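Please keep the view at hand while going through the numbered points.

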Amino acid sequence: MRITITVENPTPEALEKLLAFATMPDAVVTALPDDRWTPERARSYYDRLPPRAQQILLQVVEGDGECAAEELKANGRSLRGSTGAFRRVLSEGKRTGLWPDALPVPLVSHVIGGQLKKLEMPGFGTDQYPYSAFEEGLRDAPARDR
């Protein structure tokens, strides 16, 4: 028998009942931290971003998890103020209980010599790499004018 249960912020009583359930014969319990991006979380996050940040996120996903700043600035598009939305929207979602506190920011900036060089999804090669969750979650996202 295999059962997967995700519980965010369980009460002590609920946790006690779950642990009692886990003591059943042949039960195997694996606890995973709730710090992973899922396709549903990725889409919910995307839907809350301002339009320019949505465009940037889609370009990073289309670039297999990274995109050079010059590509993002193509056609005279500015990045000023757009990249701050990634942390702001994540913080708002955590504060309102939409996402767990341990959920990492999905995009990081690489700045060299005071200049933004690229945006990428952190954690490549680890189980926290959010690319596949965003690729699946944004598969049907409307294409924006890039």
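1. Arg 36 is partly exposed, with a relative accessible area of 24%, where buried means under 20% relative accessible area, exposed over 50% and partly exposed in between, using a 1.4 Å probe and protein chains only. This is a predicted model, in which local features need pLDDT of at least 70 and side-chain atom pairs count only at pLDDT 80 or more, while totals for chains, interfaces and linings use all residues. Residues are numbered from 1 along each chain as its sequence is written, and side-chain values use heavy atoms, with hydrogens and water left out.

2. The side chain of Arg 36 meets that of Asp 35 in a salt bridge (1.9 Å, N to O), a term that stands for a side-chain nitrogen of Lys or Arg within 4 Å of a carboxyl oxygen of Asp or Glu. Asp 35 counts as buried at 12% relative accessibility. Arg 36 also forms a salt bridge with Asp 127, their closest N and O atoms being 2.7 Å apart. That pair links distant parts of the chain, for Asp 127 lies in the loop between β3 and α6 and Arg 36 in the loop between α1 (12-22) and α2, 91 residues apart. Helices (H or I, at least four residues) and strands (E, at least two) are DSSP runs, numbered from the N terminus. Asp 127 is exposed, with a relative accessible area of 56%, and Asp 35, Arg 36 and Asp 127 are linked in a network of salt bridges.

3. How many salt bridges does the structure hold? There are nine salt bridges, and one of them joins the side chains of Asp 34 and Arg 41 (2.7 Å, N to O). Asp 34 is partly exposed, with a relative accessible area of 22%, whereas Arg 41 is buried at 12%.

4. Arg 41 belongs to helix α2 (residues 39-48), where Ala 42, Ser 44, Tyr 45 and Tyr 46 are buried too. The buried residues of α2 pack against α3 (51-62), α5 (84-95) and α6 (131-137), contact being taken as heavy atoms within 4.5 Å.

5. For α5, the 12 residues should span 16 Å at 1.5 Å a residue, and the end C-alpha atoms are 17 Å apart, which agrees; the expected span is 1.5 Å times one less than the number of residues. Ala 85, Phe 86, Val 89, Leu 90 and Gly 93 are buried in α5. Seen down the helix axis, these buried residues fall within an arc of 130 degrees, so they line one face of α5, the arc being that of the directions from the axis to the C-beta atoms. On the other side of α5, Arg 87 and Arg 95 are exposed. The buried residues of α5 pack against α2, α3 and β3, and just after the helix Gly 97 takes a positive phi of about 85 degrees.

6. An open sheet of three strands has the order β1-β3-β2, with antiparallel pairing, where two strands pair if DSSP finds at least two bridges between them. The edge strands, each pairing on one side only, are β1 (66-68) and β2 (108-112). Five bridges join β2 to the antiparallel strand β3 (residues 115-120), and Val 108 stands opposite Glu 120 in β3. Helix α3 packs on the sheet, touching β1 and β3, and its direction makes about 110 degrees with that of β1; axes are lines fitted to C-alpha atoms, for helices over the stretch in contact, and angles run from 0 to 180 degrees between N-to-C directions.
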